[in-house]
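Trainee: I am new to this structure and would like to go through it step by step. Could you take my questions in turn?

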Amino acid sequence: MENATTNDSNKGLQKQKADGRQPKAEVRSIKADSRPLYPQRPEGKWHNRRVVFSILIIALLFVTPFIRIGGQPLVLLNVIERKIILFGIFIGPQDYWLFGLTMLSFFVFIVLFTTVFGRLWCGWACPQTVFMEMVFRKIEYAIEGDAGKQKLLDKAPWTSEKIMKKGLKYTIFLIISFAIANLLLAYVLGTDELYKIISEPIDDHIGLFSGIVIFTAVFYWNFAWLREQACTVVCPYGRLQSVLLDRNSINVAYDHKRGEPRGKLHKGTGRTEGDCINCFQCVAVCPTGIDIRNGTQMECVNCTACIDACDAIMDKVGFDRGLIRYTSENVIEKKTAKVITPRTWGYAAVLLLLWSALGFVVATRADTQTTLFRAPGSRYIENSDGTISNLYTFKIFNKTNHIIKPSLHLDTPHGKLLFAGSPDLTLEAAGMSEGTVFVIIPKSELKSRKTVLKLSVLQGNQQLETFETTFIAPEE
Ligand code: SF4
Ligand code: SF4
């Protein structure tokens, strides 16, 4: 069945290549009863490199929530309360500029990176691929054996051996899913909050504990059942490939110039076909079940398994390695490697502009954001001591992730502030304080009907922010 399907697609490939078109990926949908894939255990030079890199990625993922800069987590992604910390910089609800620019530059960076390096991220650093291929799949191979044995076990009746193997596998899957759910919460809530959930009675954190249980179930379903369909059907990044990639993008690719026409190897006869001996090893190891010889496909996560598989075959038959390799369509077709194209220059220029704007916003960013407006409907008040008063309402937002106790100060002209009541200006992390205040200025300081006031927000002697407003006085 598999061969029939592949042969059909090969005919399609030949036809598409004949009329100069790039083969297209077929659109898949999630099927609850779809037959699971049984990719063969990958091995080889590229796989070993990916193992080392995956260990680093997993270590980084688990260590990062514990790293702090100046008492702040290195990364906190509390999207629920809009509190984000990136590299120790707190991005609160008031920092919409910073948040927007960060998201936009991240998006442009992804576009630029993908245009040049294809889906390198998917194969090497995406947590879904890293956990699926390097943790869950490896456990599966260790317990159930390679692809053939897994297939036989799935078809076998429920003997005590099968129950033991499946029970062990899914128990380990559940434990790791629980660990990943906790890891996710450490990124969203921070390690301190996570420690509280773990160490304090469940009743005190029933909502968050339920969150851990739900995420454990989601990760378990993802890694035990959804698997490669998370990349081929769910992930929007994979679906963007047809827009982001061009003929110069570096991808895992089959050298059809060298490989075609494919044909079985017959010993003792002169070979007239290309180097592909149609052994299907590249298909057998593919975790997404595709045939890389059909061209760049949306389902390919650039995991490199087919490179290793094909290199091993090339070694066996005495051909040069690299029939499947990291390369671009233009290198295969025209033998010209051009990584930096006008398109990449354009993306790089946009990214540079965005990063410059981001740097400016970060460098000029104050710890507070204050608004001070004249109270609606109020006019000036002429006082008997020769001063004029204007009534203002103010709001001070704390843009940091710690408590601050700021004060308002009138810098120019000479005058004073008189608060209505005695407002508590102590601001919780990302908190806000508001109140009303009279600004009182001697007539002698006022030269015209409208005067610009310069005010600052102080914490102790430290100036956190300066801002201006207007003061109204009677016409002279
Ligand atoms: S592993 Fe290499 S030789 Fe075998 S079918 Fe795939 S491309 Fe052809
Ligand atoms: S085609 Fe090759 S690189 Fe792409 S997913 Fe399959 S095995 Fe991995």
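**Ligands, cores and domains**

Mentor: Let us begin with ligand 2 in this predicted model: the residues of the shell around ligand 2 comprise eleven nonpolar, three polar and no charged ones.

Trainee: Which residues come nearest to ligand 2?

Mentor: The shell around ligand 2, with its eleven nonpolar members, holds 14 residues in total. From these 14, the ones that come nearest are Cys-286, Ile-292, Cys-300, Cys-303 and Cys-306.

Trainee: Which helix gives the most to the shell around ligand 1?

Mentor: Around ligand 1 there are 16 residues, and those that come nearest are Cys-276, Cys-279, Gln-281, Cys-282 and Cys-310. Two elements give two or more residues to this shell, namely helix H14 (281-284) and helix H15 (305-317). The one that gives the most, with three residues, is H15.

Trainee: How many charged residues are in the shell around ligand 1?

Mentor: When the residues of the shell around ligand 1 are divided by type, eleven are nonpolar and three are polar. The charged residues of this shell number two.

Trainee: Which residues does Cys-306 touch, not counting residues up to four places away in sequence?

Mentor: Cys-306 is among the residues that come nearest to ligand 2, and in the largest nonpolar core it is among those that touch the most other members. Leaving out residues up to four places away in sequence, Cys-306 touches Val-252, Cys-282, Val-285, Cys-286, Ile-292 and Ile-324.

Trainee: What distance separates the centres of domain 1 and domain 2?

Mentor: The domain assignment gives domain 1 as residues 1-365 and domain 2 as residues 368-472. The contact between them takes eight residues from domain 1 and six residues from domain 2. Taken over C-alpha atoms, the centres of domain 1 and domain 2 are separated by 54 Å.

Trainee: How far apart are the end C-alpha atoms of residues 170-190?

Mentor: The unreviewed UniProt entry lists residues 170-190 under "transmembrane region", as one of several such stretches. Over residues 170-190 the chain is 95% helix and 0% strand. The end C-alpha atoms of this stretch are apart by 29 Å.

Key. Residues are numbered from 1 along each chain as its sequence is written. Chains are lettered from A and ligands numbered from 1 in the order in which they are written. This is a predicted model: local features need pLDDT of at least 70, side-chain atom pairs count only at pLDDT 80 or more; totals for chains, interfaces and linings use all residues. A residue is near a molecule or strand if its C-beta atom, placed from the backbone, lies within 6 Å of it. Helices (H or I, at least four residues) and strands (E, at least two) are DSSP runs, numbered from the N terminus. Ala, Val, Leu, Ile, Met, Phe, Trp, Tyr, Cys and Pro count as nonpolar, Asp, Glu, Lys and Arg as charged, and the others, Gly among them, as polar. Domain bounds come from an automatic or database domain assignment. Two residues are in contact if their C-beta atoms, placed from the backbone, lie within 7 Å. UniProt positions are given in the numbering used here, feature names are shortened, and annotations may be inferred rather than shown by experiment. A nonpolar core is a set of buried Ala, Val, Leu, Ile, Met, Phe, Trp, Tyr and Cys residues joined through C-beta atoms within 7 Å. A residue is buried if 20 or more other C-beta atoms lie within 10 Å of its own, exposed if 12 or fewer, and partly exposed in between; C-beta atoms are placed from the backbone.
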